[in-house]
Amino acid sequence: MVKKPAPDATRRSEKSRRAIYAAALALVAEAGYPRTTVEGIAARAGVGKQTIYRWWGSKADVLLEAFLDLGEQMARAAGQEASAIPDTGDLAADLKAVLRATVDELIDPRFEVPARSLAAEGLVNEQVGREFVTKLLEPRLRLYVDRLRSAQATGAVRADVDPRIALELFVSPLAQRWLQRTGPISYDYTDTLVDYALHGIAPR
């Protein structure tokens, strides 16, 4: 009798993790954050509730990690690194490229629907809001800070500019327009934001 190899626990855990990510994102999109539960995520993913609590402390932790993973997957699919903003030596081109990728992400239903649910909850639930900023938003903003500091080192940005404030000239308007649906978001829109931020609106 041929002895079957033992199951690969590592692969089984990764399969469960992926199922949990997918279940969490699907449920928060369908039911909203308040009605999404660890029990519901476990049932949708086909795992035990204790499996989730073994890896995460709360449903917020699951969702935020699922978003991070989704963002990384989308970046890889677009041929980009999620951990850095390109530095080609052309600041405007680099910012336009990453903001165009952000537009693609924001209008992708896989990301948009659950992201809106989580963002809405963050407005009324301080703890969720803080975790959303700390775990999801701030790491992305630091990438812009790093790229702007690199531009300062080459003289493309004034040395007295605060990168953390400067990035809000193009990141914040995009976020506001997306969240409040004050207008369409597009490549033309984000390209214009970069041009206005880098060159101002006064006559040249």
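**A loop residue and a helix pair**

This is a predicted model. Asp108 sits in the loop between helix H5 (91–107) and helix H6 (109–124). Its relative accessibility is 16%. Buried means under 20%, so Asp108 counts as buried. The side chain of Asp108 also takes part in a polar contact of 2.7 Å with the side chain of Arg110.

The next part to look at is a helix pair. Two packed helices are described by the angle between their axes and the distance between the axes. Helix H4 (residues 59–77) packs with helix H7 (residues 126–154) at an angle of about 15 degrees, and their axes are 9 Å apart. Angles under 35 degrees count as roughly parallel, and H4 and H7 are therefore roughly parallel to each other. Their crossing is right-handed. On the H4 side, the contact is made by Ala60, Asp61, Leu64, Phe67, Leu68 and Gly71. On the H7 side, the residues are Glu131, Phe132, Lys135, Leu136 and Arg140. By type, the residues of this contact between H4 and H7 comprise 6 nonpolar, 1 polar and 4 charged.

Now the wider fold. The protein has 10 helices and 0 strands. Along its principal axes, the C-alpha trace spans about 80 × 45 × 25 Å. Of the 204 residues, 40% count as buried, and Asp108 is one that counts as buried. Among contacts between residues at least 6 apart in sequence, 64% join residues at least 24 apart.

Key
Residues are numbered from 1 along each chain as its sequence is written. This is a predicted model: local features need pLDDT of at least 70, side-chain atom pairs count only at pLDDT 80 or more; totals for chains, interfaces and linings use all residues. Side-chain values use heavy atoms; hydrogens and water are left out. Helices (H or I, at least four residues) and strands (E, at least two) are DSSP runs, numbered from the N terminus. Buried means under 20% relative accessible area, exposed over 50%, partly exposed in between (1.4 Å probe, protein chains only). A polar contact is a pair of N or O atoms within 3.5 Å; within protein, one must be able to donate a hydrogen and the other to accept it, and residues adjacent in sequence count only if both atoms are side-chain atoms. Axes are lines fitted to C-alpha atoms, for helices over the stretch in contact, and angles run from 0 to 180 degrees between N-to-C directions. Angles under 35 degrees count as roughly parallel, over 145 as roughly antiparallel, 65 to 115 as roughly perpendicular and the rest as oblique. A crossing is left-handed if the near helix is turned anticlockwise from the far one by less than a right angle, and right-handed if clockwise. Contact means heavy atoms within 4.5 Å. Ala, Val, Leu, Ile, Met, Phe, Trp, Tyr, Cys and Pro count as nonpolar, Asp, Glu, Lys and Arg as charged, and the others, Gly among them, as polar.
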